[in-house]
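Here is a friendly tour of one structure, written for someone who likes to know how each value was computed. Please have a look at the model first.

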Amino acid sequence: MEKESKRKPRILCLHGYRESAEILKKLILRWPESVTGKLDLVFLDAPFPAKGKSRLEGFFDPPYFEWFRFNKDFTEFYNFEECLEYIEDFMSKRGPFDGILGFSMAAILCAAIPGMQREGVALKKVPKIKFVILISGAKFGGPSFGVPKLAINAFSSPINCPSLHFLGEKDYQKKDGEVLLECFVDPQVIYHPKGHAIPELGSADILKKLIFRWPESVTGKLDLVFLDGPFPAQGKSPLEGFFDPPYFEWFQSNKDFTEFYNFEECLKYIEDFMLKNGPFDGVLGFSQGAVLGAAIPGMQRDGVALTKFPKIKFVIIISGAKFGGSTYGIPKLATNAFSSPINSPSLHFLGEADFQRKDGEILLECFVDPQVIHHSKGHTIPKLDDSNVEIMLGFIEKNSTTFKQGTSLSTV
């Protein structure tokens with residue numbers, strides 16, 4: 001029997017106004033498997049059939065449902081108590097649940113649940129919720145909404161329950177969402193540029209956007225698959241303000257890059273993904289992903305990592321470095337990765353203004369016949385000019401018998 005400590009957090013997911021569990025499931029499962037794979041998500045239809053038109057008609061098939069009803073001014077609420085009893089009954093039968101996730105109408109409802117449980121007026125037959133995830137939420141008693149009787153004291157004191165809030169730049173309910181933040185002791189926030197919607201997530205998406213600035217003459221010859229790192233970022237990303245969160249890491253290290261954490265877990269995560277979604281012929285990595293990607297051929301050669309599938313045939317390294325070079329120490333599994341020259345074909349991107357350029361030049365010496373694209377930029381994924389397109393196409397043509405699929409390791 002699986003140990004309790006390894007059980008995935010079980011989350012009850014509640015859909016938006018005049019939507020359905022099936023719709024919410026489709027939207028949430030667009031999120032990276034690195035996120036959804038860590039959660040036990042359970043989707044529930046609301047108890048009442050929609051009494052009016054759904055904004056999603058024509059996009060998603062009916063039926064549509066509502067959690068409760070209200071008048072046009074949002075000052076009177078109907079079937080609110082019945083809704084809570086319905087949720088409580090479901091949670092009693094299908095739980096225990098650790099957290100709840102709500103979108104739109106359900107996010108308003110979910111935001112009030114910790115307070116109502118604290119006050120002992122709702123969901124008394126199930127354990128207290130440990131966390132809430134609120135997408136396009138609002139506060140009962142805030143700028144736009146009145147207060148159902150059972151939720152009168154839900155926000156009478158700060159909510160200690162951990163909370164993650166999604167705020168969309170173009171969401172008509174953004175102001176309500178900001179007011180709601182003030183009700184929680186330590187709210188975490190994901191900002192996104194969209195409206196009243198469930199945004200897509202993932203730093204793999206960042207890499208995808210940057211790579212697909214390259215000409216179609218290059219990307220069209222490759223089957224690129226993008227993967228998020230397995231661990232949420234533990235610090236500030238240099239791309240905050242340019243690309244939306246969340247951000248991820250492949251592994252962690254101390255400040256001196258002499259000690260590494262979760263490195264073995266990272267490799268197992270990549271191996272599992274490649275087994276499920278392969279076969280893959282090559283690996284492309286940027287920055288931390290490039291440091292990792294450069295060591296993979298040697299670790300496979302030594303039989304210490306990624307041993308459950310065929311050896312990688314080529315690597316594309318953008319702003320990479322060598323474990324054991326001038327800046328980085330060596331994780332245990334990569335101790336002998338560069339003990340002998342790497343025969344795997346490799347293409348390296350070196351930026352004139354890249355702070356990691358020296359490390360990249362050292363890495364070149366580890367490969368038997370490295371191909372190089374020089375560019376004038378810094379620590380970034382550059383656009384390709386005509387001469388670099390020619391080098392890229394030459395690398396593809398030279399290794400045309402191996403270029404069937406490629407996987408991109410995303411990090412920034």
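Helices (H or I, at least four residues) and strands (E, at least two) are DSSP runs, numbered from the N terminus. By that naming, serine 136 sits in the loop between E8 and E9. Residues are counted from 1 along each chain as its sequence is written. The model is predicted, so to speak of a local feature takes pLDDT of at least 70 and a side-chain atom pair counts only at pLDDT 80 or more, while totals for chains, interfaces and linings use all residues, and side-chain values rest on heavy atoms, with hydrogens and water left out.

**Backbone details**

Serine 136 is not a glycine, yet its phi is positive, about 55°. Buried means under 20% relative accessible area, exposed over 50%, and partly exposed in between (1.4 Å probe, protein chains only). Serine 136 counts as buried at 2% relative accessibility. Asparagine 262 also has a positive phi, near 65°, and belongs to the loop between strand E15 (260-261) and H8. With a relative accessible area of 28%, asparagine 262 is partly exposed.

Two peptide bonds to proline are cis. The one from proline 62 to proline 63 has omega near 10°, and proline 63 lies in the loop between strand E3 (48-49) and strand E4 (65-66). The one from glycine 95 to proline 96 has omega near 5°, with proline 96 in the loop between H3 and strand E7 (99-103).

**Aromatic pairs**

Rings of Phe, Tyr and Trp (its six-membered ring) pair if their centres lie within 6.5 Å; planes under 30 degrees apart count as stacked, over 60 as edge-to-face and the rest as tilted. This rule gives 21 aromatic pairs. Two edge-to-face examples are set out here.

| Pair | Centre to centre | Angle between planes |
|---|---|---|
| Phenylalanine 80 and phenylalanine 140 | 5.7 Å | 85° |
| Phenylalanine 251 and phenylalanine 263 | 5.3 Å | 75° |

Phenylalanine 80 is in helix H3 (residues 80-94) and phenylalanine 140 in the loop between E8 and E9, so their pair ties together parts 60 residues apart in sequence. Phenylalanine 80 is buried at 5% relative accessibility, and phenylalanine 140 is buried at 3%. Ring pairs also join Phe80 and Phe140 into a cluster whose members include Tyr17, Phe68 and Phe145.

Which residues of E18 are buried on each face? Ser346, His348 and Leu350 are buried on one side, and Leu347, Phe349 and Gly351 on the other. Two strands pair if DSSP finds at least two bridges between them. E18 pairs in the parallel sense with strand E17 (residues 314-318) over four bridges, and isoleucine 316 stands opposite leucine 347. Six bridges join E18 to strand E19 (residues 370-375), again running parallel. From E18 the chain passes through helix H10 (residues 357-364) to E19 in a right-handed β-α-β crossover (with the strands pointing away from the viewer, the path from the first strand over the helix to the second runs clockwise).

**The second largest pocket**

A pocket is an open set of points on a 1 Å grid over the protein atoms alone, where a 1.4 Å probe fits, with protein on both sides within 12 Å along at least five of seven lines; lining residues have an atom within 4 Å of a point. The second largest pocket holds about 810 Å³ of space, a volume being the space filled by probe spheres set on the points. Of its 33 lining residues, the closest to the centre are Leu164, Gln188, Ile190, Pro232 and Pro246. E10 gives the largest share of the lining, four residues.
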